Amino acid sequence: MSAKGLLAVARAAARAGAAVLAERPLGPTPATRAELGAVTKSSGSDWVTDYDRRAEQAVREVITAYRPHDAISGEEYGHTEPEHPSGYRWSIDPLDGTTNFIRGIPQFCTSVAVEGPAAAGETRWLAGAVVAPALGRTWYASAGGGAFSTVDTPGIPQADLPPASGEPVRLNGPIPGRSGRLLATGFAYAGERRDFQLGALAALMPHFGDVRRIGAAALDLCMVADGTLDAYAEFGIQEHDWAAAALIAEEAGVPVRRPASGDGTNHPDWTVAGVLDPSETTGQSSPRAQWLLPMPTVGD
């Protein structure tokens, strides 16, 4: 299957997961833990809900229906290896921005990406889709095919929308030379790692006019791809957080640095999109910035 064919599966799977998230009860105050089936994982700020689980099940059902021999790695149900593997693997975040979801903040999404064989026995990311149901937005890309976004106005039949609504718009990244640049980032649940991130942020802020903490890494990356934000950098996120959106940013022409490992817990690393230091001419993030230094270990 071509990258465009894989993209069609990724978009269908992401829409299926987002449809589950769209069932969340809406009201003037945040839903209760009982209503959402919410429990904590690694800390009091690290949540999982019944919606996370049901959304991942919906995503897996779509992928398995189209690609029964592909491996699947999901945030909630781990890694599934088929009996006769195809060499392709999907990375799923059924609900990126779980805390936002619980609190009724609309910045949350379903993220789906697939990697497959490349030259010299390596793999590369081939397609990815991110769907944010409460925002009515979709971002997607395929390797070599560019990145696009659509406005999917929730609750309005497609036939009732203006002609331009829902039409894909090609993404080209941030506007070069724009003043008041915006940096997006996020922070870890653990205090020691958070202290390191705050120190790195302070070192980088002279290159930016302000900072945004959206609460969903996939949306941060997508908003760099569409030019809403100018750059994003975060230390220690997981593969399912960045897999789809990093490809979307890359296909929008944005410089992207992926972590060396997909395991952001045991092998934390920086995920970067956009130019951190405009004085640099490499097209990549600034090698002088503290952002790209590893987190010191005890005794360093």
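This tour moves through the structure by selection, from the whole chain to single side chains.

**Whole chain**

The model is predicted: local features need pLDDT of at least 70, side-chain atom pairs count only at pLDDT 80 or more, and totals for chains, interfaces and linings use all residues. Residues are numbered from 1 along each chain as its sequence is written, and side-chain values use heavy atoms, with hydrogens and water left out.

Begin by colouring the protein chain by pLDDT, the predictor's confidence in each residue, from 0 to 100. The mean is 84, and 80% of the residues reach 70 or more. Select residues 155-161 next: pLDDT is below 50 there, and the stretch has 4 contacts in the model beyond near neighbours in sequence (contact means heavy atoms within 4.5 Å). Residues 281-291 also have pLDDT below 50, with 32 contacts beyond near neighbours in sequence. Where pLDDT is low, the predicted coordinates should not be read in detail.

Now switch to a cartoon view, in which the protein chain has 7 helices and 15 strands; helices (H or I, at least four residues) and strands (E, at least two) are DSSP runs, numbered from the N terminus. Of the 300 residues, 50% count as buried, where buried means under 20% relative accessible area, exposed over 50%, and partly exposed in between (1.4 Å probe, protein chains only). Among contacts with a separation of 6 or more, 57% come from residues 24 or more positions apart.

Select strand β7, residues 123-132, where 8 of the 10 residues are buried. Two strands pair if DSSP finds at least two bridges between them. The hairpin of β6 and β7 has 5 residues between the strands, and A120 in the turn has a positive phi of about 55°.

The β7 and β8 hairpin has 4 residues between its strands, and G136 takes a positive phi near 65°.

**Salt bridges**

A salt bridge is a side-chain nitrogen of Lys or Arg within 4 Å of a carboxyl oxygen of Asp or Glu; the count comes to 11. Select R89 and E239, whose side chains meet at 2.7 Å, N to O. R89 lies in strand β5 (residues 89-96) and E239 in helix α7 (residues 239-251), so the pair ties together parts 150 residues apart in sequence. R89 is buried, at 16% relative accessible area, and E239 is buried at 14%.

Move to R178 and D230, a salt bridge of 2.8 Å, N to O. R178 sits in the loop between β10 (169-170) and β11 (182-184), and D230 in the loop between α6 (217-225) and β13, 52 residues apart. R178 is partly exposed, at 28%, whereas D230 is buried, at 5%.

**E234**

Finally, select E234 in strand β13, residues 231-235. Which side chain of opposite charge is nearest to E234? R213 is, at 5.3 Å, and E234 is buried yet has no salt bridge; Lys and Arg count as positive and Asp and Glu as negative, while His and the chain ends are not counted. Show G186 as well: its backbone nitrogen lies 3.5 Å from a polar atom of the E234 side chain.

Key: A polar contact is a pair of N or O atoms within 3.5 Å; within protein, one must be able to donate a hydrogen and the other to accept it, and residues adjacent in sequence count only if both atoms are side-chain atoms.
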